[in-house]
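Q: Could we go through this model together? I would like to start with one residue and then turn to the whole chain.

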Amino acid sequence: RLGMPDVGLCTYNEMVECAANICQCVGESMCVIGDGDTGYGGLLNLRRTVEGYARAGLAGITIEDQVFPKRCAYAKGVEVVSREEAITRLRTAILARDEMRSRT
């Protein structure tokens, strides 16, 4: 598969599948970090994204601070969420991570 940066054509499922393929190819010899976009929706979607990316084998995830649906990061008029919303997203991602760790 070929990708293009910041076009927004890939779905959550496609990203998880691609991440799993990459992680399988590199094995545990390399940490792979995935682009979590904005979490693909609200806070429940963000939890799902963190969990799905971890199950795919990713060592980390980036979460954007743009409003959903987002625009290309290089376009004019990009809007970001409030500081409070960004903190809530971060807390949600950390909680999802911690709950996954407690189950293992």
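Predicted model: local features only at pLDDT ≥ 70, side-chain atom pairs only at ≥ 80, totals over all residues.

Q: Where does R89 lie?

A: R89 lies in helix α3, which covers residues 83–103.

Q: Is R89 buried or exposed?

A: R89 is buried, because its relative accessible area is 7%, and buried means under 20%.

Q: Which residues does R89 touch, leaving out those up to four places away in sequence?

A: R89 touches T38, L43, L46, I63, E64, D65, Q66, V67 and V81.

Q: Which residues in α3 are buried?

A: In α3, the buried residues are R89, T92, A93, A96 and M100. Seen down the axis of α3, they fall within an arc of 95°, so they line one face of the helix. In an α-helix there are 3.6 residues a turn, so residues three or four places apart point the same way.

Q: And what covers the buried residues of α3?

A: The cover includes α2, residues 43–56.

Q: Which residues are exposed on the other side of α3?

A: On that side, R83, E84, L90, R91, R101 and S102 are exposed.

Q: Changing topic, how many helices and strands does the chain have?

A: The chain has three helices and two strands. Along the sequence they follow the pattern α-β-α-β-α.

Q: What share of the 104 residues is buried?

A: Buried residues make up 28% of the chain.

Note on methods
Residues numbered from 1 in each chain as written. Heavy atoms only, no water. Helix = DSSP H or I, 4+ residues; strand = E, 2+ residues; numbered from the N terminus. Buried < 20%, exposed > 50% of the residue type's maximum accessible area, 1.4 Å probe, protein only. Contact = heavy atoms within 4.5 Å. Arc of directions from axis to C-beta.
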